[in-house]
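Visitor: Please show me the model, and then let us go through it by question and answer.

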Amino acid sequence: MATLSASISISPNPSFTSSHKPSPLFSPPHTLKIPAFTQNPIKSLTLHSTDAPSRASLVVPRAASQSSSSSNNATSFHGLCYVVGDNIDTDQIIPAEYLTLVPSKPAEYEKLGSYALIGLPASYEARFVEPGETKSKYSIVIGGANFGCGSSREHAPVALGAAGTTAVVAESYARIFFRNSVATGEVYPLESEVRICEECRTGDVITIELGESRLINHTTGKDYTLKPIGDAGPVIEAGFSSWYEL
């Protein structure tokens, strides 16, 4: 039976670099290298194996694949916005009853999108996804503070991406939602300098210029400054995802 082993090396951050060196009598055939996130954007993930078959095929994230233009952080998005308030939690984004859907299966991924934001209260008169549809006509979600709070379910950003959302613009995020958005590559989680959710209305026509960290509301004629996406941008653009078909 072939022997398979793995080693992980992270650089250049010295606080996460191990000084352990493998025995010269053994050279691992299976190596996974992930560059440090804090100093250099992740450029590649390389998997080598001399005798292990491929076990995963990557699902290409929507946010990176469907941006209107993308080159050296010059990505822009244009479309209708859907406005929500503060503390939109993961149960409102995708209720627990739909977590049995497997995003790596195309049919179930599409179905997951049809339930995006279905947990919002009845006070939201406009449905994010119309009954019987799998895609939303709103490609940009604008929220208030603490967007994505609640559980750590990765299905939340995936459901939004499956519904056709390219970006979420919120005053602030629950840390785990922001992290899952970057890890899955489904949506760009952008932060606003002011409470845009109080100045925009559902159905307004919006353009986001990612390279300029700028949001334009064509309906009201107002411009807003966004906080730079930073190192998370190249990770999303590179198409990394935590969803695999095993």
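Visitor: Which residues do ring pairs link into a cluster?
Guide: This is a predicted model, in which local features need pLDDT of at least 70, side-chain atom pairs count only at pLDDT 80 or more, and totals for chains, interfaces and linings use all residues. Residues are numbered from 1 along each chain as its sequence is written, and side-chain values use heavy atoms, with hydrogens and water left out. Rings of Phe, Tyr and Trp (its six-membered ring) pair if their centres lie within 6.5 Å; planes under 30 degrees apart count as stacked, over 60 as edge-to-face and the rest as tilted. The cluster linked by such pairs consists of Phe147, Tyr173, Phe177 and Phe178.

Visitor: How many aromatic pairs does the structure hold, and what is the angle between the planes of Phe147 and Tyr173?
Guide: The structure holds nine aromatic pairs. Phe147 and Tyr173 form one that is edge-to-face, with 6.1 Å centre to centre and a plane angle of 80 degrees.

Visitor: How many residues apart in sequence are the parts that this pair ties together?
Guide: Helices (H or I, at least four residues) and strands (E, at least two) are DSSP runs, numbered from the N terminus. Phe147 lies in the loop between strand 6 and helix 4, and Tyr173 in the loop between strand 7 and helix 5 (175-184), so the parts tied together by the pair are apart in sequence by 26 residues.

Visitor: Is Tyr173 buried or exposed, and how is the pair of Tyr173 and Phe177 classed?
Guide: Buried means under 20% relative accessible area, exposed over 50%, and partly exposed in between (1.4 Å probe, protein chains only). Tyr173 has a relative accessibility of 12% and therefore counts as buried, and Phe177 is buried too. With 6.0 Å centre to centre and 5 degrees between the planes, the pair of Tyr173 and Phe177 is stacked.

Visitor: How many residues of helix 4 are buried?
Guide: The buried residues include His155, Pro157 and Gly161. Helix 4 is largely enclosed by the rest of the structure, because the buried residues number eight of the eight.

Visitor: Which residue just after helix 4 takes a positive phi?
Guide: The phi in question is about 110 degrees. The residue just after helix 4 that takes this value is Gly164.

Visitor: Where is Ser136, and which backbone oxygen does the Ser136 side chain reach?
Guide: Ser136 is in the loop between helix 3 (106-114) and strand 6 (138-142), and is buried at a relative accessible area of 13%. Leaving aside neighbours within four places in sequence, Ser136 is in contact (heavy atoms within 4.5 Å) with Phe128, Val129 and Ala163. At 2.6 Å, the side chain of Ser136 reaches the backbone oxygen of Phe128.

Visitor: Which are the edge strands of the open sheet of seven strands?
Guide: Two strands pair if DSSP finds at least two bridges between them. The sheet has the order 8-7-6-5-9-10-11, with mixed pairing. Each edge strand pairs on one side only, and these are strand 8 (188-191) and strand 11 (222-225).

Visitor: Which residue of strand 10 is the bridge partner of Ile208?
Guide: Five bridges join strand 5 (residues 76-83) to strand 9 (residues 205-209) in the antiparallel sense, and Phe77 stands opposite Ile208 there. Strand 9 also pairs antiparallel with strand 10 (residues 214-217), over four bridges. In strand 10, Ile208 has as its partner Leu215.

Visitor: Which residue in the turn between strand 9 and strand 10 has a positive phi?
Guide: The two strands form a hairpin with four residues between them. The turn residue with a positive phi, about 50 degrees, is Ser213.

Terms used:
A polar contact is a pair of N or O atoms within 3.5 Å; within protein, one must be able to donate a hydrogen and the other to accept it, and residues adjacent in sequence count only if both atoms are side-chain atoms.
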